[in-house]
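Colleague: I have a model open and would like to learn how its terms are used. Could you show me the structure and talk me through it?

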Amino acid sequence: MNNIKTLLLVTLTALACICISCTNKEKHYVIGVSQCSDDIWREKQNAELRMGNYFHNNVELRFAAAYDSDQRQIEQIDSLVACGIDLLIVAPNQVATISPAIDRAYDSGIPVIVFERKTNSRKFTAFMSADNYEMGRQMGEYIAKRLNGSGKVLEVMGLKGSSPAIERHKGFVDAMKNYSRMEIAATLQGDWTEETGYDIVKKWKKENPTVAVDMVFGMNDRSAIGARKAFLEAGDSRPLYCGIDGLPGKNGGIKLVNDSILDASFIYPTNGDRLLQLALDILDGKPYQKETRMMSAIVTHDNARVLLMQTEETMRQVANLDRLHQMATSYLKELDTQRMITWLAFGGLILLIAVIVLLYLYRLGKVTLRRERMVNSLWELKKEELPTLDSPASGDDTTLEAQTDKGNAATSIFFTRFKDVVEAKLEESELGVEELASEMNLSRVQLYRKVKAITGASPVELLRTARLKRGYQMLMTTDMSISEVAYKVGFTAPSYFTKCFKDEYGILPGDVRGGNGITND
């Protein structure tokens, strides 16, 4: 049986090696992407990451969105790390609260790329972002010049505690300081969403109905749109509106400026493809910049139409590339299927050969295996369960299996007596067939034939089985050493006891005290 199991293991291992040999041996990377929110800006960036991944078939991207929840993002980062990612890309929801989770990832040896938003720690591998302070400052300069240096501006901030909101506000305020007739009517705390922008501006407008606002600066385009809805509902069409993001597409900031819904926006680049390339450079051990500043530009009526045409053309080409990728993926899947069928056929042939060999070995070992099981079972039978031994004709080797088929279920006083004699003399290492026959008042030949007729095994085999069972029991119930047990049950050498024990039970004597059980199969 052990030979059969060994051959089967070797066969399966060979098949596994065949399958592995026809797979790509290029190192596989798992990159976790923790987004602080789920919005059109991040949808575009995620799409760019996936698009960049088309050129790298050894990369798996795992995305998580926290929906502006600090606790959810902390849990998601810890979960990504626990899953065994090779690199973490993270946009922290807030500066202070997310930093400990990022630090834990970095301290565990995982490279970390912080993008778009900052942490209050230096525990990161690389940082990529546009200059939020400069965007706020340039937007402040634009607003002041657009209003000819005189007017009131309502500022709608992004999420409290997030680095873009902090830096854009600082840049905007610094720009306003250069214009003595410019006034910030109020700074309202938003959270980057259109809904919140609408709610807080509506409330402020209700509380300040007489304040005339010339311009609303939303720290992103959605906040500006929310503020615009609130002013229009209040019947106030005076203000102009500026935002930041400048995304392409139907509802993006570039089109909003082109359609005069926004007066200006600021392109905040997503650069998902560059972000992925940075990650791969780090993982592949290539040179990279620790801090990368992405280029950005203001969008006004003067350039919105050109930018819109360019982005629409780019998006069209991206869509075409995506379709080509899907077609190529479909073709490669068909090719892989054909290869798999070929290898399965080859593997099936090897398996068929192995089965033939296994069947041959099984037939060789069947009789011995059945006899071993029968001996073990018989030695444990109670007196009333033993078969009756009929007096067979001379030379008749009737086995227990044949007698059982005939339905003979009477008791055997002879075998009970034989067991009693064996168990009483187990400690005698010199005990043999001659001594057993003498105790049974039989000749050596008579004893052999009777025992063989009942069990299908010889007296020597039964004696060894009895000694091993007694030894197993002593190992389980006493603190005697293995050597002491071996001598106690009649073995002349502990090494031989160990060998017989391993052959019988499939484990070493020492394993019994380690908590392992016996497998009779």
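This is a predicted model: local features need pLDDT of at least 70, side-chain atom pairs count only at pLDDT 80 or more; totals for chains, interfaces and linings use all residues.

Colleague: Why are α13 and α16 called oblique to each other?

Modeller: The axes of α13 (residues 413-424) and α16 (residues 459-477) cross at roughly 55 degrees. Angles under 35 degrees count as roughly parallel, over 145 as roughly antiparallel, 65 to 115 as roughly perpendicular and the rest as oblique. The pair is therefore oblique.

Colleague: What makes the contact between them, and which classes of residue does the contact have?

Modeller: Contact means heavy atoms within 4.5 Å. Phe415, Phe418, Val422 and Glu423 of α13 meet Pro459, Leu462, Leu463, Ala466 and Arg470 of α16. By class, that gives 7 nonpolar, no polar and 2 charged residues. Here Ala, Val, Leu, Ile, Met, Phe, Trp, Tyr, Cys and Pro count as nonpolar, Asp, Glu, Lys and Arg as charged, and the others, Gly among them, as polar.

Colleague: How many cavities of 30 Å³ or more are there, and what makes a space a cavity?

Modeller: The structure holds 2. On a 1 Å grid over the protein atoms alone, a cavity is a set of points where a 1.4 Å probe fits but cannot get out. The largest has a volume of about 140 Å³, and Asp39, Arg42, Glu116, Arg117 and Arg222 are the lining residues closest to its centre.

Conventions: Residues are numbered from 1 along each chain as its sequence is written. Side-chain values use heavy atoms; hydrogens and water are left out. On a 1 Å grid over the protein atoms alone, a cavity is a set of points where a 1.4 Å probe fits but cannot get out, and a pocket is an open set with protein on both sides within 12 Å along at least five of seven lines; lining residues have an atom within 4 Å of a point. Grid points are joined across faces, edges and corners, and a volume is the space filled by probe spheres set on the points. Axes are lines fitted to C-alpha atoms, for helices over the stretch in contact, and angles run from 0 to 180 degrees between N-to-C directions. Helices (H or I, at least four residues) and strands (E, at least two) are DSSP runs, numbered from the N terminus.
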